[in-house]
Amino acid sequence: MKSQLDQLRELTKVVADTGDIEAIRQYKPVDATTNPSLILKAAGLSDYQPLLKESVEWAKTQNPEGITELACDWLTVNIGKAILDVVPGLVSTEVDARLSFDTEATVKKAQRLMELYRSIGVDTNRVLIKIASTWEGIRAAEILEKQGIRCNLTLLFSFAQARACADAGVYLISPFVGRIMDWYKVNQGVDGFLPEEDPGVLSVTNIYNYYKRNGYKTVVMGASFRNIDEIRQLAGCDCLTIAPPLLEELSQSTELLVHKLQPSAQVETGQCTPISESQFRWEHNRDPMATEKLAEGIRLFAADQEKLEELLNAWADVSSA
């Protein structure tokens, strides 16, 4: 009997939500995603210790007076390369969350990351630039997509964000399932939800159906899972990015996996009016969960970016001693 993980692979592209090379080798996903938190965690693994030193040394050769940002970019790109050496598909590399409200700076950072990937021999068609789904981030992604740089719009919690991303023609979105559920658990004072009533599952299902019904090409990749029931409810979604502990649970189960999400047989193209900036801001603002979780997510990723910079600065101090 096939495991649920193998059954899921037949319905959905399985993506590893980790920077841990050994875990990626073990579970054999098609793609992998990273973010500042995962890069920070990966930087503590023995496999990556040489890269920390190398990133600092490389940054010193570029600009001895301002190595931190350069070292972070170099480390992030080289972790991405290490992942691409293991997976057959794509890796997502995230732009500094502190740029989430600056379209121009986000575009420049994305271009810089792609330049670094090219400099170390990576096929940039295998790299997605990951950007927070703010209005400014979505506009940056729209520019980058026209330049041939495909984007993964992350920290997506509201339907307004999903609409704007589809209008902008972004390659992929990452709606967060578990963080939505977390908010509703706290605000409704409950311990959990039935799998089919999970607010995060319902949000992704709604977005998936809207995209398919209206003929949008943007890929839907459910993310941020808290349990395998959420994953089971989204079987059939374009992609699901899953952390190693949940991949392990799925690999241990042989229960029949039901095909939950399927494209609509009838596509109603040309029926959607693009969302304006004022509509986007108002509709997103009307959703307290989405407003709070987007802001929180940006703050948390920024905090981990700063911790990564502190770690690299410590390496720089040691190497200078």
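Mentor: Happy to. Let's start with a definition: a crossing is right-handed if the near helix is turned clockwise from the far one by less than a right angle, and left-handed if anticlockwise. Please keep in mind that this is a predicted model.

Trainee: Thanks! Which hand does the crossing of H7 and H8 have?

Mentor: H7 passes H8 in a right-handed crossing.

Trainee: And why are H7 and H8 called roughly parallel to each other?

Mentor: Helix H7 (residues 135-146) and helix H8 (residues 159-168) pack at an angle of about 20 degrees, with their axes 9 Å apart. Angles under 35 degrees count as roughly parallel, and H7 and H8 are therefore described that way.

Trainee: What makes up the contact of H7 with H8?

Mentor: From H7 come Trp135, Ile138, Arg139 and Glu142, which meet Gln161, Ala164, Cys165 and Ala168 in H8. Sorted by class, that contact has five nonpolar, one polar and two charged residues.

Trainee: Why are H5 and H6 called oblique, then?

Mentor: The axes of helix H5 (residues 67-84) and helix H6 (residues 103-119) come within 10 Å and cross at roughly 55 degrees. Roughly parallel needs an angle under 35 degrees, and roughly perpendicular needs 65 to 115. H5 and H6 are therefore oblique to each other. Their crossing is right-handed.

Trainee: Which residues make the contact of H5 with H6?

Mentor: On the H5 side there are Glu69, Leu70, Asp73, Trp74, Thr76, Val77, Gly80 and Lys81, while H6 brings Lys109, Arg112, Leu113, Leu116 and Tyr117. They divide into six nonpolar, two polar and five charged.

Trainee: Now the rings. What makes the pair of Trp183 and Tyr184 edge-to-face?

Mentor: The structure holds eight aromatic pairs. In this one, the centres of Trp183 and Tyr184 are 4.9 Å apart, with 80 degrees between the planes. Planes over 60 degrees apart count as edge-to-face, and the pair of Trp183 and Tyr184 is edge-to-face accordingly. Trp183, at 12% relative accessibility, counts as buried, whereas Tyr184, at 23%, counts as partly exposed.

Trainee: And why is the pair of Tyr210 and Tyr211 called tilted?

Mentor: Tyr210 and Tyr211 have 6.2 Å centre to centre and 50 degrees between the planes. Stacked planes are under 30 degrees apart and edge-to-face planes over 60, so the rest count as tilted. Tyr210 is buried, and Tyr211 is buried as well. Ring pairs also link Phe159, Tyr210, Tyr211 and Tyr216 into a cluster.

Trainee: What makes the phi of Leu155 worth a look?

Mentor: Leu155 has a positive phi of about 50 degrees although it is not a glycine. Leu155 is found in strand E5 (residues 151-156) and, at 1% relative accessibility, counts as buried. Ser224 is a further residue other than glycine with a positive phi, near 60 degrees. Ser224 sits in the loop between strand E7 (219-222) and helix H11 (228-233) and counts as buried at 9% relative accessibility.

Methods
Residues are numbered from 1 along each chain as its sequence is written. This is a predicted model: local features need pLDDT of at least 70, side-chain atom pairs count only at pLDDT 80 or more; totals for chains, interfaces and linings use all residues. Side-chain values use heavy atoms; hydrogens and water are left out. Axes are lines fitted to C-alpha atoms, for helices over the stretch in contact, and angles run from 0 to 180 degrees between N-to-C directions. Helices (H or I, at least four residues) and strands (E, at least two) are DSSP runs, numbered from the N terminus. Angles under 35 degrees count as roughly parallel, over 145 as roughly antiparallel, 65 to 115 as roughly perpendicular and the rest as oblique. Contact means heavy atoms within 4.5 Å. Ala, Val, Leu, Ile, Met, Phe, Trp, Tyr, Cys and Pro count as nonpolar, Asp, Glu, Lys and Arg as charged, and the others, Gly among them, as polar. Rings of Phe, Tyr and Trp (its six-membered ring) pair if their centres lie within 6.5 Å; planes under 30 degrees apart count as stacked, over 60 as edge-to-face and the rest as tilted. Buried means under 20% relative accessible area, exposed over 50%, partly exposed in between (1.4 Å probe, protein chains only).
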